[in-house]
Amino acid sequence: MKKSLNERLAILSDAAKYDASCASSGTTKRDSSRSGGLGSTEGMGICHAYAPDGRCISLLKILMTNFCIYDCAYCINRSSSNVERARFSVEEVVWLTLEFYRRNYIEGLFLSSGIIRSSDHTMEEMVRIARELRTTHNFRGYIHLKSIPEASPLLIEEAGLYADRLSINVELPTDAGIARLAPEKRPSGIRKSMGDLRLKIEAANDPTLQTKRRKRFVPGGQSTQMIVGADDANDSTILGTSARLYGSYALRRVYYSAFSPIPDASKNLPLIKPPLMREHRLYQADWLYRFYGFDIKEITESQPGGMLDLALDPKLAWALANRARFPVDVNAAEREMLLRVPGLGTKAVNGIVSARRFRRLRLEDLARLKVSLKKVRSFVVAEGWSPHRLIDRTDLRAMFEPQPQQMALF
Amino acid sequence: MQRVVLKGRGDFEAWRQPARALLQARVAPRDVEWIEEGRADGDLFAALPPYPSAPSQLLSGRLSLPPGDSRAVTVPRAFVLLAESVVCHGDPARFGLLYSLLWRLQEERSLLAILSDADVAQAYALEKSVRRDSHKMKAFVRFKEMETADGPAPRRRFLAWFEPEHHIIARTAPFFQRRFTDMDWIIATPKGSSAWDGERLTLCEDPAENPMLDDVTDALWLTYFANIFNPARLKVKAMQAEMPKKYWKNLPEAALIPGLIAGAEASVAAMAARAASQPPLFHERLQMAAANAVTDVPIVATGTLDAARAEARGCTRCALHCRATQTVFGEGPDNAEVMFVGEQPGDQEDLAGRPFVGPAGKVFDGMLGEAGLDRSAAYVTNAVKHFKYEPRGKRRIHQKPDMGEVQHCKWWLKLELDLVRPKLVVALGATALAALTDPRQRFSDLRGTVLPLGVDQKLLVTVHPSYLLRLPDEARRKAETARFRDDLGTVARLLSAAAQTTTNPVGNRFIGV
């Protein structure tokens, strides 16, 4: 008997939850006030709900189908899994997206799919959904489409006309890891697809001579995801791969997804609790690389085994390994160095740089900039404050580590 | 002491008018008491009529303006934006705070840039709270569909009940108008309501009551919420930080949360217990089909450039392939008279899969043209076929390939030389020279010389066009560019000389027209 829409929604959202991305930001500003239709994107993303896993729910994240001809060991939908299978029709996905949107549950659609028949067939169906939403229903909300590996460049190009973002997952940090766990995937094909997309996005961004207008093509850029902890790659390898992906393909984001046990799992995989703290540290390191002027090597070189310290955030770990660079004078230091002070984020640094043109800053001023004094005081000099020999203390690390907890008596 | 009574519903104009008048009258902030109507704890001020219905009491006594003093009060635009937001906050101290800022701004024009100032920090804290509340309204309003009115083409009608912390309805309603343009909607809250009918956006200040509507589509949303949740990564605190409990009562999905948290551990345990089972039948069929699949790689005759190119696509002779996008093989006719050998593909070449298409390629093309040479008749390739680089932020910095990589890749270069058999090979730069000859020879000794290479084959040594791009000194660049142009002139001369001595009827087709 055919499963009801509700039953299929359960299966196909369960199947989609291992993709971490739910971003709805960074695309063009647009709305429906002139078209009289439905939907808007106003720069900032909106998270309409949060699940108890702490993840934001911004988009209707579903698979078109979870039938798949690939057999990737880490994936719940791999062909050898006995997970229950289902598929949506094009019309059903369109209906769900619009009805969810009207009730303000979501910002838009994040559509992915298992690969059925062929890559091109699957991609064609996904593009049809996006086209229906945009052209038939005048939908101006957010659309994120997953590019199917090996799909034809023409289909990707059409997808880019409707989608705000396209993504294709590299899944694992090394080619060897992919060969072992995802035998049907070709890492070089994935890189080629990302390279092609970067060239197309750049070409669309060049204003044409006649109109000076830029063509709308994947305005939210491309992203990818790497699974952490399914293979034995260390953090240094993972971050190195991220840096290469950012540099090579102008990705907006690399998502890290702690490998999470899946039902009916393959025997090749560690069925442990997902390494959530490791995932968190990787995101922090990723931010240091993209917004704080750190090199991946700087972040990882002092870390044994190329693994980030789980007890301390990577900036603090770097500062403790490079004490000679501290303390930093908040009233005089260069912006680049302020960004390297543990406890100072980009906003606080902007606040400091802006305020110190008019006043000498004291510790209390930093507190008003929402800086944690506990963290920052050992590393800075301010008006009326000097850490003296705090920075040389041998127990400085212990001051920042989480307090040890007494074991429960048994 | 001046007293101003305001309604306090987030109306910026209601505050601006008395504030402007007070400032023009030079009333210091400490001499003004701002009172929110209905907030005065039942004391005598509660009976006062709100400003501006009684302006006389404001400008009374010694504080009345000197006649003719109507100096315009100016403030930075940022202050207006800040104040418009802060007046929406529920904090009774907000009016006084804004007036203090306004007062101080007259002397300290850059005050708002000093985010560490106590008043400024406090104002921005209120602004942030209002912004957040408005953002959460955009996120957590849940529309329920109402029965549609009769008519020829009825618009669908929706109603939402929301409980904001601050007076944000007027600020936030236009967002819903821009987004839900094709439907009629009402958002009712205890702090006023807003409605849209396709033509007009209306606001009402009266508190509304919860209409307690049901919508059948909520059931699908609940299904989605329960299934998109991953029980193996329970992070309740992270959820509550972004979706505080105060909003839960109007979110249909929030009713599921306690059950999902309570059942998380059990469902992870159940997942672990269900170890891998026998793969389904279609998996076996797929594996069989894959094993017997006819490869769709076009079959090309071995010993041709196309075959070599196809084979090179999967080259893993050195580790560079893992980092590059693709193999960048040489291109050009298989009977070209001249072969140009560069160092390695760059950023653009790596993406496009073709040699010499980036900035250095543009220089190269331009200068070939000047020398009367036609690129499409030449074979252009690189000593190393994969891009070697170091990521630096959003860019890739070119790295020189090492001798090991050059040696590994020589295999392909030799194959290209054997298949094309050019009369003249041009080494562009030291890496190309090392790949083509004995690596111990010094590039600077051989620059500009013509050497024998193979049977009836010559080698010309010159610089790589990217070298010209990297020279910072203008005069030096000009001189080096001229030298490179001379070298290309030598190429043209050698080719035409070869064309005259050869019997090959197409021998001189390389010379441009």
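## Helices H2 and H3 of chain B

In chain B, B:Phe79, B:Ala83 and B:Val86 of H2(B) are in contact with B:Arg94, B:Leu98, B:Leu101 and B:Leu105 of H3(B); contact requires C-beta atoms, placed from the backbone, within 7 Å. By class, six of these residues are nonpolar, none polar and one charged. Nonpolar covers Ala, Val, Leu, Ile, Met, Phe, Trp, Tyr, Cys and Pro, charged covers Asp, Glu, Lys and Arg, and polar covers the others, Gly among them.

The model is predicted: local features need pLDDT of at least 70 and side-chain atom pairs count only at pLDDT 80 or more, while totals for chains, interfaces and linings use all residues. Residues are numbered from 1 along each chain as its sequence is written, and chains are lettered from A and ligands numbered from 1 in the order in which they are written.

Helix H2 (residues 77-86) and helix H3 (residues 94-105) of chain B pack at about 170°, with axes 10 Å apart. H2(B) and H3(B) are therefore roughly antiparallel, the term for angles over 145 degrees. Axes are lines fitted to C-alpha atoms over the stretch in contact, and angles run from 0 to 180 degrees between N-to-C directions. Helices are DSSP runs (H or I, at least four residues) numbered from the N terminus.

## Nonpolar cores

The largest nonpolar core holds 175 residues, of which A:Ala130 and B:Leu98 touch the most other members. Such a core is a set of buried Ala, Val, Leu, Ile, Met, Phe, Trp, Tyr and Cys residues joined through C-beta atoms within 7 Å; buried means 20 or more other C-beta atoms within 10 Å of a residue's own. Helix H4 (residues 118-140) of chain B contributes the most to this core, eight residues.

Leaving aside residues up to four places away in sequence, A:Ala130 touches A:Ile143, A:Leu145, A:Ala159, A:Tyr162 and A:Ala163. Another core, of 45 residues, lies apart from the largest one and includes B:Phe356, B:Leu460, B:Phe484 and B:Leu488.

## Contact between the chains

Chain B supplies 68 residues to the contact and chain A 71. On the chain B side, helix H6 (residues 218-228) gives the largest share, eight residues. That side comprises 40 nonpolar, 12 polar and 16 charged residues.

## Domains of chain A

Chain A is divided into domain 1 (5-306) and domain 2 (314-400), with bounds from an automatic or database domain assignment. Their C-alpha centres lie 37 Å apart. The contact takes 11 residues from domain 1 and nine from domain 2. On the domain 1 side, H8(A) gives the most, with five residues.

How values were computed
Contact = placed C-beta atoms within 7 Å. Helix = DSSP H or I, 4+ residues; strand = E, 2+ residues; numbered from the N terminus. Parallel < 35°, antiparallel > 145°, perpendicular 65-115°, else oblique. Buried ≥ 20, exposed ≤ 12 C-beta atoms within 10 Å, placed from the backbone.
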